[in-house]
Every structure is written in structure tokens, then in C-alpha cells.
Amino acid sequence: MNARFDSIGLVVSDMAASLAFYRRLGLDIPAAADTEPHVEHTLPGGTRILWDTEEVVRSFDPDWTRPQGGGRADLAFVCDGPDEVDRLYEELVAAGYSGHLKPFDAFWGQRYATLHDPDGVGVSLFAASA
């Protein structure tokens, strides 16, 4: 038997707020999902993102506590080009989301920026430099 990577799970404090953020990144998640305790979205290629409320996690792990700090895991979204990195970063910051690293030209050949989702998960935006 070989294990196969299938999904990324996120624990959220506010499902609607979290899904609104990921919709702005282009994920097509139905509005009705905002009130669900567990939501799944399949990405192109088959990998899934799973969102669970803190209450759901505590239902099977009563000792679970909200992590403090960040930087343990990040998600990364590829953009169509450097201008898209800049545009999307500015759009999300203007919408009230927390920017972390403003767009910059990274030494590894990408236009790169980082924000935080409503629960503090790092979300990077990148594209090949022009």
C-alpha cells in the first residue's frame, strides 16, 4: 500500500469569513457552504481543501486548542503573471485582509507576496517574473 496525498485541512473560527477569502482567490465555493460545519473543495488535479469549524474539531478531539502564532503552514496560489500578483494582493488588502509581504521581485525569479487568511494562515501569491 502506498499513501497518496489527497487534501489540506484548515480549522476555521468563522466559516463564512474564511470561505469569502478563498472565493476572492478564485475558488468556486457555493454561498450555502457558509453555514456548514465542514466544507470541501476539489482543486484542478484532484487535491482537496477541507475547512472545519473549531467546534467540529473539538467534537472528536476535545483537548484541541486554537494554535498561537503562525508560520507552520502556508498555501500558495500561482497567478497568471506579475501584474496579477500585484492586483490580487491590493484587492485583498483593500477588502480588509491582512497583508504580510507586499509584492516584490524575489531572487528566485518570481513576483511574490504573502497575506493571511482570516485565521492567520499564510497565503502566498506568485508568478514567474516578467
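**Close-up 1. Ring pairs link Phe21, Tyr22, Trp51, Phe77 and Tyr97 into a cluster in this predicted model.** Rings of Phe, Tyr and Trp (its six-membered ring) are paired if their centres lie within 6.5 Å, and planes under 30 degrees apart count as stacked, over 60 as edge-to-face and the rest as tilted. The whole structure contains 8 aromatic pairs. One of them, formed by Tyr22 and Phe77, is tilted, with 6.5 Å from centre to centre and 40° between the planes. Tyr22 belongs to helix 1 and Phe77 to strand 4 (residues 74–78), so this pair ties together parts that are 55 residues apart in sequence. Helices (H or I, at least four residues) and strands (E, at least two) are DSSP runs, numbered from the N terminus. Tyr22 is buried at 0% relative accessibility, and Phe77 is buried at 15%. Buried means under 20% relative accessible area, exposed over 50%, and partly exposed in between (1.4 Å probe, protein chains only). The model is predicted: local features need pLDDT of at least 70, side-chain atom pairs count only at pLDDT 80 or more, and totals for chains, interfaces and linings use all residues. Residues are numbered from 1 along each chain as its sequence is written, and side-chain values use heavy atoms, with hydrogens and water left out.

**Close-up 2. The buried residues of helix 3 are Val85, Leu88, Tyr89 and Leu92.** Seen down the helix axis, these residues fall within an arc of 100° (taken from the directions from the axis to the C-beta atoms), so they line one face of helix 3. They pack against helix 1 (15–24), strand 5 (98–105), strand 6 (110–116) and strand 7 (122–128), contact meaning heavy atoms within 4.5 Å. On the other side of helix 3, Asp83 and Ala94 are exposed. Just after the helix, Gly96 takes a positive phi of about 105°.

**Close-up 3. Arg111 forms salt bridges with Asp86 and with Asp105.** A salt bridge is a side-chain nitrogen of Lys or Arg within 4 Å of a carboxyl oxygen of Asp or Glu. The closest N and O atoms are 2.8 Å apart for Asp86 and Arg111, and 3.3 Å apart for Asp105 and Arg111. Asp86 lies in helix 3 and Arg111 in strand 6, so their pair ties together parts that are 25 residues apart in sequence. Arg111 is buried at 15% relative accessibility, Asp86 is partly exposed at 24%, and Asp105 is exposed at 57%.

**Close-up 4. Glu54 forms a salt bridge with Arg58 in helix 2 (residues 54–60).** The closest N and O atoms of the pair are 3.9 Å apart. Glu54 is buried, with a relative accessible area of 7%, whereas Arg58 is partly exposed at 34%.
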